[in-house]
Amino acid sequence: MEFGGVKNFVFGTYGKGYPVVGEAAWKNDKVALAFSLSSRPPCSSAPLPGPFPALVIVYTVGEEFGDVVAGGEECIRTYLLRFNSVKPLIIVGSRRVLLSAAPAVQMATTANTSTTTTKLIDSHLHVWASPKEAADMYPYFPGQEPTLPGHVDFLLECMAEASVDGALIVQPINHKFDHSYMTSVLKKYPTKFVGCCLANPAEDGTGLNQLEHLILKDGYRAVRFNPYLWPPGQQMTNEIGKSMFSKAGELGVPVGFMCMKGLNLHLSEIERLCTEFPSTIVMLDHLAFCKPPTNDEQKLAFSELLKLSRFPQVHIKLSALFRVSRKPYPYEDLSKLLSQVVSSFGANRVMWGSDFPYVVPECGYKEAKEAVSIIANHVPLSSSELEWVMGRTVMQLFQGHWLS
């Protein structure tokens, strides 16, 4: 089937009748849907906006789609709407430069015919200044002085030994909202690292301007929501939280959630944000801190995690295995959890992360990478699925990075 597409395509409505609009494109057996929420009043006859800073979802279709295309746009719309209940092949994060779904179709076609460009990418680690660097230029936040070495030279040594090609660095609490050290690392190693900044939920709203600056000026490509930094009694769904979450979607950067005290405490907030802002990509750190369940409460929490797969923008980090396993290295009790997560979300929405440098005294950096293969063998995951988990998923979320 030749390349084709439709624009100003209405997928449905949300809220009080506002249209969900976007584009569809197809080539061979791949169809990509790019959509966003329109602010055009429901009864207005004004033209639909475009192009769309949209979430892109790629599906595989059958031979019958050629006949559907021949039937015209209404047949296409009817056919595509059924994908609401179909597991997608690939989900691509929104970006301002996205002008149509066509690049996603081409990417999907290429991704499924060649795996030679896949790299090993660590989706979750931290760096902080050495004591000397902290004394000279990059001070620690008072009371958050680290007890472990976490400077970038040590990280590079560990990555080289483990043959890990790149990483997403998450701003550590040790420097809190002072991103100067990590910014210096990102500028020094632009092809090695991508930065995830830390959201500042200050009540005066300064965090929103800081977020924009970090993304647009300093090149950060993700943001972390730490719910324990919100003012007492406030939730991530307050006005500040919604503004930052919405802005992240507008700027095309994923939001990572750290549910350290339990997913059940923050589940409703995450669900609400995903529902109200479906174009914002989400990453749940460390399996959302769900351990292999040993009681009904824990079984319910893990069940709720799996149910979040109904939101196509949600991705899972298989990270900090030592934090979520109940057994020593190689954490083989996580195999059942991994099997269920991949079954619910698809391997293309799951990504490995080490949680360097905390992982080093636990089992070692190289060993943390190797543990995933050991766990995957018990699932078992196919070589293709393991490839997604070890690098393709995070490379898909942050396209254009970690290139040779």
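A: Start with a definition: two rings of Phe, Tyr or Trp count as a pair if their centres lie within 6.5 Å, with the six-membered ring used for Trp. The model examined here is predicted.

Now the cluster. Phe225, Trp230, Phe245, Phe257 and Phe277 form one aromatic cluster. The largest nonpolar core has 86 residues, and Phe225, Phe257, Leu284 and Tyr365 touch the most other members. A second core is separate and holds 14 residues, including Val194, Cys196, Met283 and Leu397.

Beyond four places in sequence, Tyr365 is in contact with several residues, among them Trp352 and Phe356. The list also includes Asp122, Leu125, Cys158 and Met159. Ala162, Val164, Ser354, Val359 and Val360 belong to that list too.

Next, the pairs. The structure holds 13 aromatic pairs. One of them joins Phe398 and Trp402, with 6.1 Å from centre to centre. The planes of Phe398 and Trp402 are 85° apart, and the pair is edge-to-face.

Arg392 lies over the face of Trp388, 4.2 Å from the ring centre. Arg323 takes a place over the face of Tyr358, at 5.0 Å from the ring centre.

Glu304 sits in helix α10, which spans residues 296-307. Is Glu304 buried or exposed? Glu304 has a relative accessible area of 17%, and buried means under 20%, so Glu304 is buried. Apart from residues up to four places away in sequence, Glu304 touches Leu263, Leu267 and Glu271.

Finally, the setting. The protein has 15 helices and 13 strands. Of its 404 residues, 55% are buried. The protein exposes about 17,200 Å², and carbon and sulfur atoms supply 53% of that area. Take the contacts between residues at least 6 apart in sequence: 75% of them join residues at least 24 apart.

Definitions and conventions:
Residues are numbered from 1 along each chain as its sequence is written. This is a predicted model: local features need pLDDT of at least 70, side-chain atom pairs count only at pLDDT 80 or more; totals for chains, interfaces and linings use all residues. Side-chain values use heavy atoms; hydrogens and water are left out. Rings of Phe, Tyr and Trp (its six-membered ring) pair if their centres lie within 6.5 Å; planes under 30 degrees apart count as stacked, over 60 as edge-to-face and the rest as tilted. A charge sits over a ring if NZ of Lys or CZ of Arg is within 6 Å of the ring centre and within 35 degrees of the ring normal. Helices (H or I, at least four residues) and strands (E, at least two) are DSSP runs, numbered from the N terminus. Buried means under 20% relative accessible area, exposed over 50%, partly exposed in between (1.4 Å probe, protein chains only). Contact means heavy atoms within 4.5 Å. Accessible areas come from the Shrake-Rupley method with a 1.4 Å probe; for residues, only the protein chains shown count as cover. A nonpolar core is a set of buried Ala, Val, Leu, Ile, Met, Phe, Trp, Tyr and Cys residues joined through side-chain atoms within 4.5 Å.
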